[in-house]
Amino acid sequence: MPGVPTVTSDDSSGFPAALDAASAADAIVYMGGIDNSVELGEMDRDQITWPGVQLQLIGELGTLGKPLIVVQMGGGQVDDTELKANSSVRNHLTMVNANYR
């Protein structure tokens, strides 16, 4: 169930459906991060933040109080400071880094 159409999207219209689905689950797995539209070998990023509205959705998922697994996809790192600082997320969070080459 996607909550964000693409990793760089600012469209949050899918949040209600994602939150409804997550509310019915025992645990939540969010897969996001970056993809080749953000970074490639010949295309460097100029920031390390999570693109689009992903952090907003993760924050809202964290308020559900369920175990939350965030799988960060992509070839490079993104800054998880905001996730770790958000007590709604931090108290239920497991981070998995799933880089690809």
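**Close-up views of a predicted model**

**View 1. Glu39 and Arg45 form a salt bridge.** Glu39 is partly exposed, with a relative accessible area of 21%. Buried means under 20% relative accessible area, exposed means over 50%, and partly exposed lies in between (1.4 Å probe, protein chains only). Arg45 is partly exposed too, with a relative accessible area of 21%. The side chains of the two residues meet at 3.3 Å, N to O. A salt bridge needs a side-chain nitrogen of Lys or Arg within 4 Å of a carboxyl oxygen of Asp or Glu. By this rule the count is one salt bridge.

The model is predicted: local features need pLDDT of at least 70, side-chain atom pairs count only at pLDDT 80 or more, and totals for chains, interfaces and linings use all residues. Residues are numbered from 1 along each chain as its sequence is written, and side-chain values use heavy atoms, with hydrogens and water left out.

**View 2. Helix α2 is mostly covered.** The helix spans residues 54–62, and seven of its nine residues are buried. They are Gln54, Leu55, Leu57, Ile58, Gly59, Leu61 and Gly62. Helices (H or I, at least four residues) and strands (E, at least two) are DSSP runs, numbered from the N terminus. The buried residues of α2 pack against α1 (15–23), β1 (28–33), β2, α3 (81–85) and α4 (87–90). Contact here means heavy atoms within 4.5 Å.

**View 3. Gln54 meets the backbone of Gly33.** Gln54 is found in helix α2. Gln54 is buried, with a relative accessible area of 1%. A polar atom of the Gln54 side chain lies 2.7 Å from the backbone nitrogen of Gly33. Beyond residues up to four places away in sequence, Gln54 touches Val7, Tyr30, Gly32 and Gly33.

**View 4. Ile58 sits in the largest nonpolar core.** A nonpolar core is a set of buried Ala, Val, Leu, Ile, Met, Phe, Trp, Tyr and Cys residues joined through side-chain atoms within 4.5 Å. The largest one has 22 residues. Those with the most contacts inside it are Tyr30, Trp50, Ile58, Leu61, Val70 and Leu83. α1, β1, α2 and β2 each supply at least two residues of this core. Leaving aside neighbours within four places in sequence, Ile58 is in contact with Tyr30, Trp50, Leu68, Val70, Leu83 and Val89.

**View 5. Gly74 belongs to strand β2.** This strand covers residues 68–74. Gly74 is buried, with a relative accessible area of 0%. Gly74 and Leu19 are 55 residues apart along the chain, and their C-alpha atoms are separated by 24 Å.

Note on methods: Polar contact = N/O pair within 3.5 Å; in protein donor to acceptor, adjacent residues only side chain to side chain.
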